[in-house]
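Subject: Structure for you to look at

Hello,

Here is the structure I said I would pass on. Please open it next to this email and follow along; my notes come after it.

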Amino acid sequence: MARWIGGKCRPISLRTPYTWRPRTFRSNAALEAIATAAEEKVRTVALYNYPSFSGAISALFAHLYHSRLNLPCLILPSSSVEPLRVEDFCVEGEGLDTCYLLDFIGPKGFASKLSQQAMCEVIAFDHRKPALTQIDCCGDPRVTFNVNLAKSSSAAVYEYFSNKLVKDQVRLEKVLKYIEDADLRRWSLPEIKAFTIGLSEWRSKLNCITNPYMYEQLLGISSSDLIAKGNLDISSRQIAANKFLDKTFKVRLGRGLYGECLGVRADGNSDLSDEIGKQLSLKSAKAGLRPIGAVICYNIRRKNLKMCLRSTDTATDTSEVAKAYGGGGCPSSSSFIIRMDEYNQWRS
């Protein structure tokens, strides 16, 4: 006598009758998968109702979405016979970012308890009438119940992940437009400067060998977040630059050949040259001098002085001064190395 087991025909002894044992879904394998996911910092989990076709199809859509975006996600079946517990997802204090409950919402209080103990957002889908009585109105903003008696859970899950893909597409296309605006030196999009400053901190993360999470991180980029980060950085830098504006003095550019403007020493703060110079440019114009700001920094390592010239006036070319002394740049921003004795002549 034989029976098909695991896709193969295996003999069964007549002396030892074959007995079917129900498979438990809170198994060692499931718990090991959760522990491994925690070690690998997989912070998204999707539990689907078993043995429901709607649950399995929902799991398929979750798999396709996360695979498409190369986002790590642990997907496990959940049976009401012996379901996974909230404590199973709190491995050594590690929390989650998101937990999807696909085609079930769990016992009353399960979703809110999971959200609190696993410190994550819980998004549940169901279409059955009994689910309405299991909704725990705990007021937790991190818990969302999607129960629609007129729509299958699988259809709701499909729409949810499809909309997320569209949102991701729109978000990433906006990021690409900003990157293109900077790459092609157009600088035409609103707050493009803030965007580029916010984006600059990503340079250290762009090696996919030393940073295995690079693709996931890049997929999460948002132009609005980068602009907000850039504006915060601009604001803090401007506050630091303003501290130099009450220490200005008059500078005779080229010993007076190129007129006079306001200058300031900013030793050790060369990274603030742009912010200080532009503010000095405005202040210099108000003082009746050329609309140029001169920021002078002493380089201890190279033991020389560097003069950075900035202007907010489109009709002013600072580079003519810089080029005359071996430097270079563009009309609004230029710099050059100046000897100490020559610099003293400019301040006389």
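A residue counts as buried when its relative accessible area is under 20%, and as exposed when that area is over 50%. Keep in mind that this is a predicted model.

Strand 3 is joined to strand 5 (residues 98-102) by 5 bridges, and the two run parallel. In that pairing V45 is opposite C99. Strand 3 also pairs with strand 4 (residues 74-78), again over 5 bridges and in the parallel sense. Here A46 has I75 as its bridge partner. Together with helix 2 (residues 53-68), strands 3 and 4 form a β-α-β unit that is right-handed.

Strand 10 and its neighbours

Strand 10 (residues 293-299) has 5 of its 7 residues buried, so the rest of the structure largely encloses it. Strand 9 (residues 260-265) runs parallel to strand 10, with 4 bridges between them. Within this pair, R265 stands opposite I296. To get from strand 9 to strand 10, the chain passes through helix 9 (residues 273-286), and the β-α-β crossover is right-handed.

Strand 10 pairs with strand 11 (residues 304-310) as well, in the antiparallel sense, over 7 bridges. A294 has L309 of strand 11 as its bridge partner. The hairpin made by strands 10 and 11 has 4 residues between the strands, and K303 there takes a positive phi near 55°. R301 is also in the loop between these two strands. Is R301 buried or exposed? R301 is exposed, because its relative accessible area is 66%, and the cut-off for exposed is over 50%. From C-alpha to C-alpha, R301 is 50 Å from C73 in space, and the two are 228 residues apart in sequence.

Helix 5

D168 is in helix 5 (residues 153-183). With a relative accessible area of 13%, D168 is buried. Which residues does D168 touch, leaving out those up to four places away in sequence? They are Y65 and L69. With Y65 there is also a polar contact between the two side chains, at 3.0 Å.

Rings

There are 10 aromatic pairs in the structure. One of them is Y160 with F161: the ring centres are 5.1 Å apart and the planes are at 80°, so this pair is edge-to-face. The angle is enough for that label because edge-to-face needs planes over 60 degrees apart. Y160 is partly exposed, at a relative accessible area of 22%, whereas F161 is buried, at 2%. Both belong to a cluster linked by ring pairs, which also takes in Y65, Y100 and F125.

Two lysines lie over rings. The charged end of K205 sits over the ring of W202, 4.7 Å from the ring centre. K247 lies over the face of F244, and its distance from the ring centre is 5.7 Å.

Regards

Conventions: Residues are numbered from 1 along each chain as its sequence is written. This is a predicted model: local features need pLDDT of at least 70, side-chain atom pairs count only at pLDDT 80 or more; totals for chains, interfaces and linings use all residues. Side-chain values use heavy atoms; hydrogens and water are left out. Buried means under 20% relative accessible area, exposed over 50%, partly exposed in between (1.4 Å probe, protein chains only). A polar contact is a pair of N or O atoms within 3.5 Å; within protein, one must be able to donate a hydrogen and the other to accept it, and residues adjacent in sequence count only if both atoms are side-chain atoms. Contact means heavy atoms within 4.5 Å. Two strands pair if DSSP finds at least two bridges between them. A crossover is right-handed if, with the strands pointing away from the viewer, the path from the first strand over the helix to the second runs clockwise. Rings of Phe, Tyr and Trp (its six-membered ring) pair if their centres lie within 6.5 Å; planes under 30 degrees apart count as stacked, over 60 as edge-to-face and the rest as tilted. A charge sits over a ring if NZ of Lys or CZ of Arg is within 6 Å of the ring centre and within 35 degrees of the ring normal.
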